[in-house]
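Here are a few exercises to work through with the model open in your viewer. Try each task before reading its solution.

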Amino acid sequence: MYEPVAYISHVEEADFGCEGREEGSEITDRISFYYLDDDKLKYASVEIDEDTINESGIEDDSWVVVDDETSEALMIADEDSDPVPMDDDIYEAITEEMAK
């Protein structure tokens, strides 16, 4: 079984408008998510390097879960898809934000 950790509601890509971005600046995207804290629904977000997000395959409306047997962090895109390993950097950023 899986223990839900967070629900990723939206991955927002950086928007540089008409000015564009500064040469050589890091591009980060924002992951917005919900989680339970003492039975209260809370909202938070984290900024993650865009390349890390793109490589992870993380999507809007995904669940972050932990496998009860292996303690592995997984992502489930929808009820019909199989869980896939969660990127360690993203999982760490989400759980650190939840601990604040």
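## Exercise 1: The sheet

In this predicted model, six strands make up an open sheet, ordered 3-2-1-4-5-6, with antiparallel pairing.

**Task.** Find which strands are the edge strands of this sheet.

**Solution.** Start by looking for strands that pair on one side only; these are strand 3 and strand 6 (84-85).

## Exercise 2: Around strand 4

**Task.** Work out how many bridges join strand 4 to strand 1 and how many join strand 4 to strand 5, then follow W63 across the pairings.

**Solution.** 
1. Take strand 1 to begin with: six bridges join strand 1 to strand 4, and the two run antiparallel.
2. Now turn to strand 5, which pairs with strand 4 over four bridges, again in the antiparallel sense.
3. Follow the residues. W63 in strand 4 is the bridge partner of Y7, and W63 has I76 as its bridge partner in strand 5. For V64, the partner in strand 5 is M75.
4. Look at the hairpin of strand 4 and strand 5: five residues lie between the strands, and S71 takes a positive phi near 65 degrees.
5. Finally, check the burial of strand 4. Five of its six residues are buried; the cut-off to apply is under 20% relative accessible area.

## Exercise 3: The nonpolar core

**Task.** For the largest nonpolar core, find which residues touch the most other members and which elements give two or more residues.

**Solution.** 
1. The core holds 21 residues, and those touching the most other members are I8, I31, F33, I58, M86, I90 and I94.
2. Two or more residues come from each of strand 1 (2-12), strand 2 (28-37), strand 3 (40-49), strand 4 (62-67), strand 5 (73-76) and helix 2 (88-99).
3. Zoom in on M86. Leaving out neighbours within four places in sequence, M86 is in contact with I8, I58, V64, A73, L74, M75, Y91 and I94.

## Exercise 4: An aromatic pair

**Task.** Decide whether the pair of F33 and Y35 is stacked, edge-to-face or tilted.

**Solution.** A search of the whole structure gives three aromatic pairs. For F33 and Y35, the rings are 5.9 Å apart centre to centre, with 40 degrees between the planes. Stacked needs under 30 degrees and edge-to-face over 60, so the rest, including this pair, count as tilted. Both F33 and Y35 are buried.

Technical notes. Residues numbered from 1 in each chain as written. Predicted model: local features only at pLDDT ≥ 70, side-chain atom pairs only at ≥ 80, totals over all residues. Heavy atoms only, no water. Core = buried A, V, L, I, M, F, W, Y, C linked by side-chain atoms within 4.5 Å. Buried < 20%, exposed > 50% of the residue type's maximum accessible area, 1.4 Å probe, protein only. Contact = heavy atoms within 4.5 Å. Phe/Tyr/Trp six-rings, centres within 6.5 Å; stacked < 30°, edge-to-face > 60°. Pairing = 2+ DSSP bridges.
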